[in-house]
Structures are given as structure tokens and as C-alpha cells.
Amino acid sequence: MKLLTFSKKESTLYMAFMYVTFTSLLVGGLMGLLQTFVRSGKYTLPFGIDYYTILTVHGVILGLVMTTFFIIGFQFSLMGKTVGMTDKQRKAAWWSFWIMLTGTIMASVMVLTGQASVLYTFYAPLRAHPIFYFGLALVIIGSWVAAFINFRQLYLWKKANKGQKSPLLAYMVTINMIMWVIASLGVAVSVLVLFIPWSLGYTATINVLLSRTLFWYFGHPLVYFWLLPAYMAWYAIVPKIIGGKIFSDSLARLSFILLLMFSIPVGFHHQLTEPGIDPTWKFIQVVLTFMVVIPTLMTAFSIFATFEATGRKKGFTTLFGWFRKLPWKDVRFLAPFIGMVAFIPGGAGGIINASHQMNALIHNTIWVTGHFHLTAAMTSVLTFFGITYWLVPHLTGRRLTPKLNKLGIIQSLTWTVGMLIMSTSMHIQGLLGGPRRSNFSEYAGGAQVDTWISYQMAQAIGGSILFIAIILMVYIFIQLAFFAPRGVEEYPIAEEEDDAEPTPKLLENWILWIAITVALILFAYTIPVFEILKHSPPGSPPFDWPIGK
Amino acid sequence: MNLHKYEKIWLIFGIGSLALFLVIIGFAAFWKGTHPQSHIETIDPQNVEAHEAFKPENLGLNEEAEGKYTVNIVASAFNYDLGKDENGDRVDTLRIPKGSTVLFQVTTTDVVHGFQIAGTNVNMMVEPGHISRYETVMKNNGEFTIVCNEYCGIGHHLMFGKVEVYE
Ligand code: HEM
Ligand SMILES: [Cu+2]
Ligand SMILES: [Cu+2]
């Protein structure tokens, strides 16, 4: 496969997304640090700033802004490398960037001025300033622009290369964006139809349960939107870095299709303890949730098979000899590798969360926060860092020097240690009943609460180590963007084995896969949503004062 | 499409475990009836007193029969109303004898709250317009903290109560 080269203008576009990513990392990380300090009970925020304001900043900036900007920028570059980007598409891509950025700034200003301390889940009937909701809507609309550019890029390539299968990474980007568009329709409907008119006072009340159901219809696929780009790197980029080939092109595609189908019709597993949803439908969505185990197992197999095959080709024949010979000193490998390992306990925790009954033990405890710091902040974000180490110098025409590589290894290990300390203590505190999304409190006092506070101290230690890792990462990013010596850094995309079997045509039958996905969604949601509407209570008027407005 | 032989074994083993796991939770849910709370019963959040359970005099702990209790609670930002004692003072601790069966019924008059008795399986979302219910046997004695575990505003962390289970 021939890889395309980027024009200067294209590189500038991709870099724009990276600047927003790393600015967000710094701002959001600082908030995270302050949160852990406050929760240790030994620190109060200055200037009368409220804990929940910074928690909203943290959740929105890291959970929604940083991830989305990185992913869309990275995916544009993947498309640019494999199927190309025309000038027209590049101009449209700038639109997606500016629309998303405008939305981000609108929402952030409202959050920072205390007008929108509703956390990133913005549950009704807490009412934020309408501009906050408009901002969110723009971020989504901007991301749709990006999605349609990606679809068009692949479409044009297919037209020019009749009969050929699409490049694997372009295929994966397309799946991720199809999932994203279908999923974000839910939150778009919720924001445009329910929240905006209600926050402006055009409608008196809101259906709380419906708004939550629409949120989680989107909220679960959102985490897959973070995870799939990490999978792209594991399937198709890491093999190149370790000097190997793609294990199986068809299996990689199949696992992405399964992820598409089983990522959306499962939002109820976030609503297991909610009144007003029939338990049988909850159970059905729990079963659908667990189907994702299959592509996850396939991914795990492929990755380790690639590692082993590569090692053996290099002549290491003992059972685990190949393992020692992996390029541990190459941060482009080490960072995503730690991410993969973190996904093992992360996934196990997810099985507990999604279980029909076990959920009651941990629902809304800080266990959940520990879980997604392990999966999102460790698995996905660390893989994103691993990508940054080669992507940024490739775009800026610089080199990842041995010194920066070493610093990157220190960065990855610091992040790992910090996250392990923080997330482990969050998991344990959650099992003991400690609630999530909570300012420091001694509650009713007593022995039970004392145990929680000691784990919050541990979280502050983990948080401090993490913040050091963030400073290091931002420093490395600035070096790679502006100061590292000029040179050429490879954009590593692995090839298939020479004797690989042909990929079945069926896998590129987009209409079929989208139709199955939509059918599953209709199956999982139609009746319960109809019931929610039929049995709906009197709606809720907006509440401003609980968020200090 | 060809699956590698080891991959087949791996997937058969994985999917088999998955099926077994689903059968276990399905058995627990439908034969043992351990569903999470899901009582599809609505209420007007502006007028919860219209419901028998949430009239001011019925709030808090009510003994229904020997060893059987109902606890009715109205949540609001940032307070759980656990009723009043004989002197007319607000109750902040529910005292329940060990081994009793207790049905918790909670609703809210304003925003979404959580209701968790830390250290037990009593953990539910409390949403305006709905009644949340969970029945359990208090098997262990000791002091348990009730916490609001869903963000309900800037006083969220000040919303709590206590359950004391005594011998
Ligand atoms: C310096 C590193 C970090 C620290 C110290 C940190 C700390 C925290 C803490 C203490 C909380 C829980 C607050 C509470 O429940 O009251 C939290 C929540 C959260 N964090 Fe982080 N975090 C860090 C990095 C990240 C990253 C990289 C991500 C994104 C992928 C992230 C996403 C989130 C989200 C989405 C929440 C949930 C907010 C909510 O429940 O509303 N964090 N973080
Ligand atoms: Cu509350
Ligand atoms: Cu609360």
C-alpha cells in the first residue's frame, strides 16, 4: 500500500487539533489535581470557587473536548495518509474545527463563570445557561461536519479505485464516525428539542427520564468513540512499530463491525438503578452490552498473536522469549502497550458495572470514576500519547530524538504510577460505599466515613504524580511541535502479510451493517421509550438555585 | 474468512464463559427475582403529599408487622426528610432492629438525587415524578451512612442521613 504525503497546509490543519488537545490536557489536568486536593480535606479552593465548577470543567474539558479534538485530528490524518484529502475537503475540515472550537469556548465560558455547574452529564432538571447548551450543540455539529468529510474521502477513493478494498485504517475511521453520528443523534435531539427550549423558557417543563435516556443512548457509545482510535493504533500501527505485519485484515474489520453493532443499543446499563424503566428491557440491554466481549477477545488475540509472530520471525523460539524482545525502550510502543494492559482490569470492572445486579453495589460510587480513569484516561489517553510521539514530529517535520523518547518513557511510567494509585484507591473507596461527584464531606461522621477519607488522601497522592506526568507530556508536545531538530519521522502503518487471505467483500457492505445496527437500536429502544412517554409523570420545571445561580 | 485454530479455541472458550455468565445473571434476575429497582409508578413532584406514603405523618420508619418495616423518605436539595420523632424534632437516624425486612420508598420534590445506604445493596436513583423502591433484609448490625450519590447541586455532599441497625 502506498502512503500519501501531507502538504504543509494539511499538516497545519491536523496540528490545530493537537494544540487544542494539549491545551485541554493542561487545563483539565490542573482541575483534576485541585479536585483530589479538595477531597483530601486539607485544602480549600481560593476566590470562593466552587468544587462543582471545577469538576464540570474537568469532565467537559477532558471527557468531551480533549478526546474529541484528538480523535478527529488523528482520524483526519489517517484518512489523509491512506485515501487522501482534497483542498475542498481541507477547507471544510477547517469549518469543523472552528465550529467545534466556538462551541467549546461558549460552553467553557458559561462553566467558568459558574452559570453551568451541571457536570458534563448536564442532567435535567438542573438548568444551565442556554449558551452552555448551544455550545454543546455546536461541538456536535462540528463533529458531524468532520464525519461527513471522512465519508466523502472514502467515497471518492472508492470511486477512483473501483473494485479494491478500502485501506484498513480508512475503513476503521469510517466505522467510528458512523457510530458517532448515529449515537450523537440522541444527544442532539435531547439538546435541541428538550433542553434549549426549556432553558429559554419556551417550554415549561422537561421529561427528566426521557432526557436521561437520550443522554445514555449517546453516553455509552461515547466511550467507544474514545476506544476505537486506540484499537486502530493497536491493530494497524503498533505492529509496524515492532517490525511486524497486520495479523488479519478481515478479523480487524469484523471486530469493528461488531463494535459498531453492539455499542449503541446498550445505554440502559447506565440506568440500571433508575425507576421508570422496565427491568426486562434493562436485562435485554445488559445482554447486548456483553456482546462486546466478542470483538474485545478478538482484539486481544490479534494483538498478542502479532507480538508473538513478530518475535518468532526475529528468531526467538522459546515460549515467552519473544516477549522480552519487544521494543520496550521505544515509547511509541511502550505507551500503547501499557494502555492495552490497563484495559484488562478496566474491562473486568466494566463487566461488574454492567451486570444486572452487581451494579447496585457500585452504582454512582467513586468506583465508577476509578473505572473510567483506568479505561479512558489510562487505556485510551495513554495510547493517544503513544500516537502523539510520532504524529506530531511527522506533522512538524521534526524528529523524536532519543532524549525526548527517554523523557516519553518517564512520562508514560509516571502517568501509569499516578493512575494506578488514584484509580485503585477510587475502586476500593467505591466498594466501601464512597459516593462519586462529591466535594469533601465528613457526612454523618463515624467509622465508615473515616475509611473513605483515608482513600481520598491516597487519591491526592496519585493526582499529584499524575499532574507531574501532564506537565511532562505538555513539555514534550511543545518540544515536538516547535523545538526538536528538523528531520523525518515515520508515519507507521503496518502492512498485511504477503500471503494474507483476501478480505470478504461482504465486510464493506455498508448498507447492510448500518441497517443491522439501526435494527438493533430500534429493537432495544422503541418499546421502552414508548413506555417512558406513555407513563410519564408531570414534567419538571427548571431549577437554577441548586447550582448556585 | 479464516479463523486461526488457536483463535477458534480462544473464542469458543470466551463466548462459552460469556454465555454461562449471562445464564447466571438471567437466573438470578428472573427466577430469584433480584432485579434492580424499577417500579414504574409515577407521582406529581410538586405534590408528593397526595401519595399516602409521602404524607408528612407517614415519613420515616413505620412498623407494618412484626419484623417488617416501611421507610418513606422525601428527598429534596439538599436533605432527606426522615420524618419527626414523638417530640416533633426531625429524625436524622433510622433505628432498625437487626434481621428485619425493610421496604425503602423514596421520591424527590425537585431535582435528581441518589439514595445509597453505604455498605448495603440499597442504591437507587431518585427522580422527580417517580417512586424508587427497594426491599431488603437488614442482616448486619452497625451504623450505615445514607449518602446522596448523584450530583444534585452545590450542597450535594451535605445531603446524608444515618441508619443504625441494632441487635
Ligand atoms: C491529572 C490527572 C487526573 C486527575 C488528578 C483526575 C482526577 C479526577 C477526580 C478526583 C475525579 C472525581 C471527582 C468527583 O467524583 O468528585 C475525576 C472525575 C473525572 N475525570 Fe479525571 N482526573 C485526571 C485525568 C483525567 C483524564 C485524562 C480524563 C479523560 C479521559 C478524565 C476524565 C474524568 C471524567 C469524565 C470525570 C467525571 C466527572 C463527573 O463525574 O462529572 N480525568 N477526575
Ligand atoms: Cu441529593
Ligand atoms: Cu446529591
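Student: B:Ala53, buried or exposed?
Tutor: Buried, because its relative accessible area is 10%. Buried means under 20% relative accessible area, exposed means over 50%, and partly exposed is in between, with a 1.4 Å probe and protein chains only.

Student: Where is B:Ala53 found?
Tutor: In the loop between helix H1 (5-30) and strand E1 (60-65) of chain B. Helices (H or I, at least four residues) and strands (E, at least two) are DSSP runs, numbered from the N terminus.

Student: What should I know about the model itself?
Tutor: It is a predicted model: local features need pLDDT of at least 70, side-chain atom pairs count only at pLDDT 80 or more, and totals for chains, interfaces and linings use all residues. Residues are numbered from 1 along each chain as its sequence is written, chains are lettered from A and ligands numbered from 1 in the order written, and side-chain values use heavy atoms, with hydrogens and water left out.

Student: OK, chain B overall. How many helices and strands?
Tutor: One helix and 10 strands. From the N terminus the order is α-β-β-β-β-β-β-β-β-β-β.

Student: What is its radius of gyration?
Tutor: Chain B has 20 Å, whereas a compact globule of 167 residues would be near 15 Å. That radius is taken over C-alpha atoms, and the globule rule is 2.2 Å times the number of residues to the power 0.38. Along the principal axes, the C-alpha atoms of chain B fill a box of roughly 75 × 35 × 30 Å. Of its 167 residues, 52% count as buried.

Student: Now the metals. What coordinates the copper ion (ligand 2)?
Tutor: B:His113 (ND1), B:Cys148 (SG), B:Cys152 (SG) and B:Met159 (SD), at 2.0 to 2.4 Å. Donors are N, O and S atoms within 2.8 Å of the metal (3.2 Å for Na, K and Ca); water is not among the atoms, so sites may look incomplete. The sequence spacing for ligand 2 is H-x34-C-x3-C-x6-M.

Student: Why is the arrangement around ligand 2 tetrahedral?
Tutor: Because the four donor atoms around the copper ion (ligand 2) subtend angles of 98 to 127 degrees. Four donors count as tetrahedral if all angles lie between 85 and 135 degrees; four count as square planar and six as octahedral if opposite donors are over 155 degrees apart and all others between 65 and 115; anything else is irregular.

Student: And the copper ion (ligand 3), what coordinates that?
Tutor: B:Cys148 (SG), B:Glu150 (O), B:Cys152 (SG) and B:His156 (ND1), at 1.9 to 2.5 Å. The spacing here is C-x1-E-x1-C-x3-H. Its four donor atoms subtend angles of 89 to 121 degrees, which makes this arrangement tetrahedral. B:Glu150 and B:Cys152 are both buried.

Student: How far apart are the two copper ions?
Tutor: They are 2.7 Å apart, and B:Cys148 coordinates both.

Student: Over to the iron atom of ligand 1. Which histidines coordinate it?
Tutor: A:His58 (NE2) and A:His373 (NE2), at 2.0 Å. The pair links distant parts of the chain: A:His58 is in helix H2 and A:His373 in helix H13 (residues 366-396) of chain A, 315 residues apart. Both A:His58 and A:His373 are buried.

Student: What's the geometry there?
Tutor: Octahedral, because the six donor atoms around the iron atom subtend angles of 86 to 180 degrees. Ideal angles for six octahedral donors are 90 or 180 degrees.

Student: Last topic, cavities. How many are there of 30 Å³ or more?
Tutor: Nine, from a search of the whole structure. On a 1 Å grid over the protein atoms alone, a cavity is a set of points where a 1.4 Å probe fits but cannot get out, and lining residues have an atom within 4 Å of a point. Grid points are joined across faces, edges and corners, and a volume is the space filled by probe spheres set on the points.

Student: How much space lies in the largest?
Tutor: About 220 Å³. It has 18 lining residues, and the closest to its centre are A:Leu64, A:Leu136, A:Val139, A:Ile140 and A:Phe218. H2(A) gives the most to this lining, with five residues.

Definitions and conventions:
1 Å grid on protein atoms, 1.4 Å probe; cavity = no way out; pocket = protein on both sides within 12 Å on 5 of 7 lines; lining within 4 Å.
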